[in-house]
Amino acid sequence: MADFRLETDRLVVRGWRDGDLLPFADMCADPRVMATLGPIMDRDETQALIGRLRAMQDRHGHTFWALERREDGRFLGFCGLVMGNAGPIEGKVEIGWRLSHDAWGQGYAREAAAASLDWGFANLDTDRIWAITTPGNIRSWGLMERLGLKRHPQLDFQHPNVADDSPLKQHITYSIARPVAH
């Protein structure tokens with residue numbers, strides 16, 4: 001569903017395009033970007049990830065969508081909603097993001113995540129949206145807290161899809177409830 005499009009003041013959250021492969025592969029090969037997310041990915045692995053994200057869009061009507069800057073169309077990464085696939089959030093709506101290193105610290109992730117949360121609560125039958133990250137990913141869980149997500153320490157878990165000897169095995173869990181209509 002390449003025609004999905006959600007606009008914010010500075011960003012376009014949209015379906016994946018074939019042209020996203022090269023900038024996304026560069027991003028997924030950047031050790032700074034992948035330090036708290038998992039192993040560096042090569043071009044084939046990145047292409048397979050895009051394929052899985054497109055399949056999620058087709059299956060569920062949402063995914064981690066491509067993210068671009070409105071002013072120049074530059075690919076910045078992804079943000080959006082998937083169905084959680086591990087631990088306490090399995091089968092629940094999960095928000096996530098991944099941005100290129102040079103896009104960090106400019107408020108893009110927050111802007112895209114806020115729009116994704118709004119879209120999720122407006123379009124999905126869920127009372128809560130979840131997020132997970134590693135304890136060391138301070139930037140990510142800091143953003144979760146700034147967005148209003150609350151931590152659930154009792155739901156922290158060892159991610160089953162991460163190698164047992166990886167420093168990224170431990171995950172922390174956050175969620176945000178559907179806003180109450182006034």
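Here is a walk through the chain, from its overall build down to one of its helices. Keep in mind that this is a predicted model.

Let's start with the secondary structure. The chain holds 5 helices and 9 strands.

Now step back and look at the whole fold. A compact globule of 182 residues would have a radius of gyration near 16 Å, and the chain comes in at 15 Å, so the two agree. Along the principal axes, the C-alpha atoms fill a box of roughly 50 × 40 × 30 Å. As for the inside, 49% of the 182 residues count as buried. If you take the contacts with a separation of 6 or more, 60% of them come from residues 24 or more positions apart.

The accessible surface is about 9300 Å², and carbon and sulfur atoms make up 51% of that. On the charge side, there are 22 positive and 25 negative side chains, and the centres of these two sets sit 4 Å apart.

Finally, zoom in on helix H1, which spans residues 21–28. Its buried residues are Leu21, Phe24, Ala25, Met27 and Cys28. They end up on the same side of H1 because they cover an arc of only 160 degrees around the axis. Turn to the other side of H1 and you find Leu22 and Asp26, which are exposed.

Conventions: Residues numbered from 1 in each chain as written. Predicted model: local features only at pLDDT ≥ 70, side-chain atom pairs only at ≥ 80, totals over all residues. Heavy atoms only, no water. Buried < 20%, exposed > 50% of the residue type's maximum accessible area, 1.4 Å probe, protein only. Helix = DSSP H or I, 4+ residues; strand = E, 2+ residues; numbered from the N terminus. Arc of directions from axis to C-beta. Rg over C-alpha atoms; globule rule 2.2 N^0.38 Å. Contact = heavy atoms within 4.5 Å. Areas by Shrake-Rupley, 256 points an atom, 1.4 Å probe, with all protein chains shown as cover. Lys, Arg positive; Asp, Glu negative; His and termini not counted. Charge placed at Lys NZ, Arg CZ, Asp CG, Glu CD.
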